[in-house]
Each structure stands twice: as structure tokens, then as C-alpha cells.
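Reader: Hi! Could you walk me through this protein model? I'm new to reading structures.
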Amino acid sequence: MVENKQMNPKFDLTLVAVDCAYPALAAKALQRSAELLPAARTVLLTDVETTFDGVETIRIAPIKSRAAYSQFMLKQLSQHIKTEFALVVQWDGFVIHDDAFADEFWNYDYIGARWPHVDGEFKVGNGGFSLRSKKLLHALQDDAIEFREDENEDETICIRYRELLEQKHGIVFASERVADRFAFDVSRPVGRTLGFHGVFNFWQVMDGEALVSFARTAPEAIAEGLGFGALTRNLVDLRRTEMAREFVTRRLASLPHDVQALDLKARLNKGSGELAVAEIAIKAPSSRNDPCPCGSGKRYKECHGKVGAANVADAAVNVDAMIGEALQLHQSGNIEAAVDRYTRVLAQEPENPNALHFIGLAQYQSGQPSAALEPMWRSLTLTRTEPEFFSNYSAAAWSAGRYAEGQWAAEHALSLDANHPGALNNLGFNLRSLNQIDASIEAFDRALAMVPDFNYARWNRTFSLLAKADYERGFADYELRLQFPQTQPSGKIPANTPIWRGEPAVGKTILLMCEQGLGDTFMFARFVPMVVARGLTATFAVQKSQVALMQQSFPDVRVIAIGEHEGMQFDYWAALWSLVPALGITLENLPAPKRFLQTSEADVAKWGGRLASESLSRARGRVADRPGEGVVADEPSLLSRGTLTPTPLPPAGEGPRAIGLVWQGQFAGLDNQMADRSIPPRLMSKFIADMSAQHPEINWISLQHGASPLPNENIIDWTNETVEFTQMAALIDALDLVICIDTGAAHLAAALGAETWVLLREAGDWRYGITGETCAWSPTMQLFRQDSSRRWEPVFNEVAAALNERH
């Protein structure tokens with residue numbers, strides 16, 4: 001794999017197709033691709049003597065079956081590729097958007113379209129349009145990788161031998177996020193992709209003239225195939241009547257008795273505008289678990305192979321009136337009723353851009369941004385001049401973690417309307433998530449110059465200002481959160497009680513209210529003693545699980561659970577984040593004590609004893625596994641006989657012996673842009689296994705709550721005993737090191753003065769700054785950041801190197 005860096009495709013890429021059945025069509029796919037993506041070589045491997053403009057043809061032995069193709073791709077393709085990468089295309093899969101090529105792609109040895117129909121965690125990806133590194137092609141020559149006739153070559157690479165390729169050869173496969181940006185196959189596209197695969201998708205990538213030409217000139221074998229039939233059905237379903245007639249006519253010319261084509265012809269003959277929908281018989285694939293040939297992305301058994309599957313036609317509706325009614329319902333907040341109207345419109349006009357866009361917008365507003373992108377993208381391809389559509393798409397893309405796509409959409413909206421404040425706001429937070437902080441502030445400033453009271457833009461700008469350590473403006477603007485229902489502090493705000501803004505208040509009472517997440521309470525609790533030092537009598541309302549720890553840490557403050565404050569009287573109140581401007585905190589005077597939360601000595605001693613016992617037990621286990629080797633032993637009888645030689649664990653200060661771990665946050669696995677701060681369990685488990693092999697003396701302790709335990713025997717899991725934070729804090733005090741993602745545990749460990757290594761996504765939260773290995777808020781934190789590839793593997797490499805230096 002090539003390290004993350006920009007490379008010129010022309011010098012590092014071979015466009016290649018292997019085709020002995022339809023070489024002319026394969027050559028056309030190569031030519032289309034080369035026009036958009038210049039490469040060092042454009043190569044067609046085929047068994048016939050032929051020439052095509054701009055395509056280098058190499059003669060190979062005939063390939064007469066799918067199995068033979070798979071064997072060639074696995075074991076022989078490497079001989080013909082001299083560049084760092086090969087982009088494999090097929091006659092029905094090629095480049096469609098050159099501006100969708102991302103330098104990020106160079107960080108992977110294999111990228112293919114996602115497989116939504118595949119069970120298990122390996123869903124990337126389809127080989128019909130795929131990027132493969134020279135390193136991968138060479139790794140496939142490993143004798144341990146065996147060809148199997150009943151398996152496609154992409155399944156061999158991406159499923160059966162994936163772990164071997166990763167562990168033995170260091171092959172890096174793209175994530176589903178990257179795969180969705182790269183190409184689409186049996187699932188619908190969710191934005192601009194570099195390419196696609198599947199003849200049933202031609203309606204999405206070809207204009208009308210090209211489609212008609214294909215219908216008339218496609219070889220007989222293609223016209224008789226499942227893909228051609230699915231494409232024909234798609235065109236009928238989309239009400240592209242004249243074009244659909246071309247495909248139905250050609251299908252029946254090749255297969256006069258094809259049930260599907262006859263049914264589609266019957267639908268067309270009933271007239272355009274009010275087509276009756278008949279039950280369509282689609283030829284089943286070889287397995288009911290295979291993707292449905294219609295291109296829905298579902299398994300055949302869950303789509304057209306489902307018992308009783310049929311489409312039901314809606315009665316004709318007045319489309320304009322129905323859209324108007326739906327928009328009114330949508331704007332009033334009755335999203336469910338609006339979606340019902342949009343759905344009825346789409347039953348009659350499947351390519352109605354308004355219905356597509358707003359049904360997608362409803363999905364986005366309902367917390368399903370990735371699902372929303374598919375209909376919203378289709379609406380953009382149908383109407384390219386509506387800036388609001390592109391702006392909305394930008395917001396959904398950001399929520400789904402597709403920041404580059406969100407940036408592109410916002411910029412396109414602004415190319416249509418340079419004075420669109422909403423697009424500038426959306427551009428701002430996409431740029432922030434790409435770590436382009438200065439550019440994001442500029443976008444927010446432009447929006448506010450147009451609409452000075454655009455409070456959401458001002459509030460969004462807050463996090464860019466804070467990332468730049470402009471605490472004065474950032475925290476001042478963040479007070480806007482008190483105006484938004486979804487961002488107010490936890491619990492009921494005291495009625496008729498003023499907010500404390502830092503004015504003299506000796507002898508007065510104040511309620512300090514937690515807000516945001518548990519980690520924010522741990523982090524901002526440092527300001528509580530400063531309030532008390534101003535002469536106020538403080539009551540601190542926190543989440544119930546934090547009460548005991550906070551009371552233990554601040555004995556001069558009354559600590560209660562949020563909600564218990566209701567009915568109590570105070571002179572002032574303040575939310576935790578509001579203490580920063582109230583106390584006049586800047587980066588220069590930010591209090592960053594090594595420790596400000598406290599634990600019980602007895603609790604720490606208890607956990608320390610359990611850790612020592614666990615270390616001894618595991619050391620004995622290593623003795624049993626490797627008799628005669630030098631490991632820990634404490635039985636004098638064995639030592640006196642010379643059976644064992646004691647090798648003690650490293651003393652304190654010579655490397656961590658007990659390391660706490662947290663790998664997932666509350667959004668892990670959800671369709672939320674915050675999900676990418678979590679580490680996939682598989683990667684975390686692999687890291688522990690690798691490090692345990694190098695340093696068996698380390699005890700790995702799970703501090704992970706709210707996630708399934710890792711399937712790794714090297715991890716000690718006492719989380720059922722650390723639900724109460726006094727116990728979790730005491731366990732952390734007994735550890736030598738905490739390694740965690742950006743979540744509440746990181747701030748708890750830092751507040752306890754524990755050495756804390758935080759693994760950050762590329763654009764980390766504002767409190768960690770933009771670059772660097774240190775955090776201004778904690779002297780015991782060390783930061784390990786993703787680069788622009790947004791991959792965790794390089795981060796783990798850095799952490800492993802840092803651990804090795806300590807041992």
C-alpha cells in the first residue's frame with residue numbers, strides 16, 4: 001500500500017479490462033474511463049487480434065467461463081500491471097465522474113462497491129469496477145490463496161482470504177464509507193462516485209441517445225441476460241416510455257417468450273400516464289440470497305423472489321396539488337403525513353424531483369442521513385439548477401460523515417446562488433469537519449454578513465472559533481445554545497433566577513447545572529472551585545451516576561442529581577459551559593491542573609490488589625504454556641529446585657503494566673457524523689492481540705461501557721463492577737495508562753491526572769485544537785491523530801511504537 005499522499009493518476013495507474021466475450025464493449029468502457037481519468041496505460045486483455053483507439057491490446061489465452069475469469073484475475077493479472085495501481089473496469093462498469101476521484105483512494109490496496117446483500121462484516125466490495133494495488137496483486141500469488149470454481153474472485157479476495165491478506169501481507173481494504181464514494185453496484189448511489197458496475201444501472205449513467213444505441217446494438221447474449229432484463233424493467237418503472245419500448249422490443253426479439261418482457265410490454269401498451277402495474281416475474285438468480293437482478297440492493301428472496309411480491313398502483317393524483325399539500329404538512333412538522341403524499345406522487349411519477357428531494361429531506365430530519373442521500377441525489381441529477389436542493393444535500397452529507405461530498409454540494413449551491421446563507425452555513429461545518437478551520441470561519445462570516453441574526457450560523461461558527469482557541473468569541477457565541485430547545489442544559493432551568501455572569505456575589509447561592517455529555521461534566525468541573533472561591537455557595541446538579549464522585553471530589557459543594565434541584569431556590573444559576581465567559585477564561589489563563597477529581601484510597605488499593613493478582617495469575621499461565629522459560633514465579637519450591645528462573649514484571653516507571661481501553665462512543669454504529677470517532681471492534685481487537693504477542697506482561701483492562709465485549713482473551717473486563725463512577729475512577733487510578741477515543745472516559749482519566757492517550761479522528765473536537773500531540777486542557781494527555789485518510793491503522797502504528805519505546 002502506498003502511504004497517504006497525492007499522486008498523479010497518469011503516472012501511477014493502469015486502466016485495465018479482461019474480456020474475451022465482448023472486447024469491443026470492454027474497449028469502449030476503457031475509452032470512456034480514459035477520457036475522464038488519464039492513466040499511464042489503458043490495457044485490454046483479450047483473446048482476439050484487434051485494435052481500438054487509445055487502448056493497448058494484449059493477447060491472452062481464451063477465457064470461456066466465470067471461473068476462468070476469476071482464476072485469471074487472482075493469479076495472472078499481476079503479470080500485466082507495472083504501475084502502483086490498477087483500476088479494473090468491465091464493459092458494464094466504468095468511470096463516470098472524474099471529479100469524484102479522491103487522493104484518499106491511494107491509501108487502500110482494494111476498493112470496490114459495497115455489497116448490501118452480503119452477511120457479515122466484510123461488505124467491500126464488488127470487483128467489476130475496483131481499484132487494486134500492485135502490492136495486492138503480488139500478495140494474491142501466495143500459495144495459501146487457492147482458487148475455488150464456485151466462488152467469484154472478488155469474494156475470494158474480500159471475504160474468504162481477507163484476514164490472511166490483512167495479517168500476513170498488510171493489505172488494506174477500504175471502509176464502506178470510502179466504498180460508497182468510489183462506486184455503486186446493486187445499491188443505489190448516494191452521491192457522486194468515481195464509477196459504477198452493472199448493466200441495470202445504465203439508466204443512471206447514460207443519456208437517452210446512448211441508451212437507445214445500446215438497446216439496438218447489444219450482443220444477443222447481453223440482451224438475453226438478467227441485467228438487460230432488469231434495466232428494461234427499471235425504464236418501465238421510471239415511466240421512460242419511449243426508451244422502455246426500445247428495450248422491450250429488443251428483449252422480445254431475443255427472447256420472444258420471456259415472461260418479464262411480455263408483462264412489461266403489456267404495461268406499456270396500456271398507455272403512458274396511468275400505467276397499470278402488473279406482478280412482474282423476474283428470472284431468479286442461482287441463489288435466492290444473491291442480489292435481486294432489479295438492482296434494488298436487496299436479496300432476491302427479499303425483493304422479487306418474495307412470496308406474494310407485487311406492486312400496487314395508486315389511483316391517479318394531481319401531482320402539483322399533492323406536492324403542495326405535502327410541503328405544507330412537512331413545514332408544519334407532520335413529516336409522516338408529508339412522506340405519505342410524496343410516496344403517492346412517486347408512485348405516479350417516479351422521477352418527480354420535488355417528491356424525491358423532500359422525501360429524502362424527511363429521512364434526514366428523522367435521523368437517517370445516509371438513506372436520505374439516495375433520493376436527494378436522484379433529485380439533483382434531475383434538476384441541476386435548484387440551489388436549495390444542493391444546500392440541503394450538503395447538510396445531509398455532513399450528518400452522514402461524507403464531508404467532501406457536503407463541501408462539493410454546498411459549493412455547487414453557491415455557484416448557482418452566491419448569496420445563499422444556508423449553503424454558506426452548510427459549507428462552514430463541512431469544512432470544519434475536513435479540518436479546514438480558517439475556511440469554515442470565512443464561510444460562516446459570509447453567511448452572517450448577509451443575515452446578521454442567522455443564529456444557527458453563529459452557533460455553528462462557535463466550534464471553529466474554539467478550535468482556533470478564540471475562547472472569548474467562541475464561548476460568547478455559544479451562549480446561543482440556551483435559546484435552542486435541543487441544546488439547553490439537562491434538567492429544568494430554575495424559573496425567575498438570573499444567570500450568573502461573573503458579577504460580585506459573595507454570600508449568594510448558585511446552582512451549577514451539568515450539560516452536554518458526561519465527559520463535559522468531568523472536563524468543566526475544574527471551574528467549580530473557582531466559583532466557590534468567588535464567595536458563592538454552590539449546589540452542583542449532575543447526572544445520578546456522577547453524584548458520588550463529584551461529592552467526593554468537592555466536599556465544600558452540595559452535589560445532587562439533576563432534577564432534584566426543582567423546587568429549590570437559588571440567587572443565581574449557570575450552566576457549566578457558561579462558567580468560561582463568566583470567569584473570564586482564555587487559553588492563556590485556562591486552569592489545567594494535573595488533577596482535580598479525587599478517589600478513595602481504599603477503593604484504589606482494592607483495584608490495585610486485583611490487578612496484582614491478575615498479573616500473577618497470567619504470569620503463571622505463561623509458565624504453564626512455556627515450561628522452563630523465564631517468567632514470573634512465586635513458588636520457592638520450584639525455584640529452589642532450579643525449575644524456574646524468576647523474571648519480575650517491569651517495576652513502576654519502566655513501562656505500563658496495566659492499560660485501560662475505550663474504543664467506542666455513544667454514536668458507534670449509528671448513522672451519525674459522530675460515529676467515526678469510534679474504532680471498529682475488529683481493529684481494536686487486532687491491536688491488542690498484536691501488542692499482547694510482543695508484551696505478554698501487559699494487562700489490558702476494558703473501561704468500555706455501552707458496547708459488546710471484544711472477542712479477545714487478553715482483555716480483562718470488570719465493567720459490570722465499574723458502573724458507578726467512584727469505582728471506575730478508582731480503577732483508573734490503579735492503572736498505568738489509559739488509551740481511549742474521544743469520549744467521557746478520556747476526560748475522566750485526565751481529570752484524575754492519569755496518563756491518557758487519546759485516539760482522535762482527523763478533525764477532532766475543538767478542545768484538542770487542530771494539530772499537535774498535547775491538549776491545553778490536560779497536561780497528562782497525549783494525542784494521536786488520524787491523517788486525512790481518516791484511517792485508524794496508522795494511528796495504531798504510532799501507539800504501538802510509543803508503547804514499544806516504553807518497554
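Author: Happy to! Let's start with a word: buried means under 20% relative accessible area, exposed means over 50%, and partly exposed is in between, using a 1.4 Å probe and protein chains only. This is a predicted model, where local features need pLDDT of at least 70, side-chain atom pairs count only at pLDDT 80 or more, and totals for chains, interfaces and linings use all residues. Residues are numbered from 1 along each chain as its sequence is written, and side-chain values use heavy atoms, with hydrogens and water left out.

Reader: Thanks! Is Phe 687 buried or exposed?
Author: Phe 687 has a relative accessible area of 6%, so it is buried. Phe 796 counts as buried too, at 7%.

Reader: How many aromatic pairs does the structure hold?
Author: There are 45. Rings of Phe, Tyr and Trp (its six-membered ring) pair if their centres lie within 6.5 Å; planes under 30 degrees apart count as stacked, over 60 as edge-to-face and the rest as tilted. In one of the pairs, the rings of Tyr 471 and Trp 777 have centres 6.1 Å apart and planes at 45 degrees, so this pair is tilted.

Reader: Where do Tyr 471 and Trp 777 lie?
Author: Tyr 471 is in helix H23 (residues 471-478) and Trp 777 is in the loop between strand E17 (756-760) and strand E18 (781-785), so the pair ties together parts 306 residues apart in sequence. Helices (H or I, at least four residues) and strands (E, at least two) are DSSP runs, numbered from the N terminus. Tyr 471 is buried at 5%, and Trp 777 is buried at 3%.

Reader: And what about Phe 687 and Phe 796?
Author: Phe 687 and Phe 796 form a stacked pair, 4.7 Å centre to centre with 20 degrees between the planes. Phe 687 sits in helix H30 (residues 681-694) and Phe 796 in helix H33 (residues 793-806), so to speak distant parts of the chain, 109 residues apart.

Reader: New topic: what is Glu 614 in contact with?
Author: Leaving aside neighbours within four places in sequence, Glu 614 is in contact (heavy atoms within 4.5 Å) with Asn 699, Ile 716 and Trp 718. Glu 614 lies in helix H28 (residues 601-625) and is partly exposed, at 22%.

Reader: How far apart are Glu 614 and Ile 716?
Author: They are 102 residues apart in sequence and 8.8 Å apart in space, C-alpha to C-alpha.
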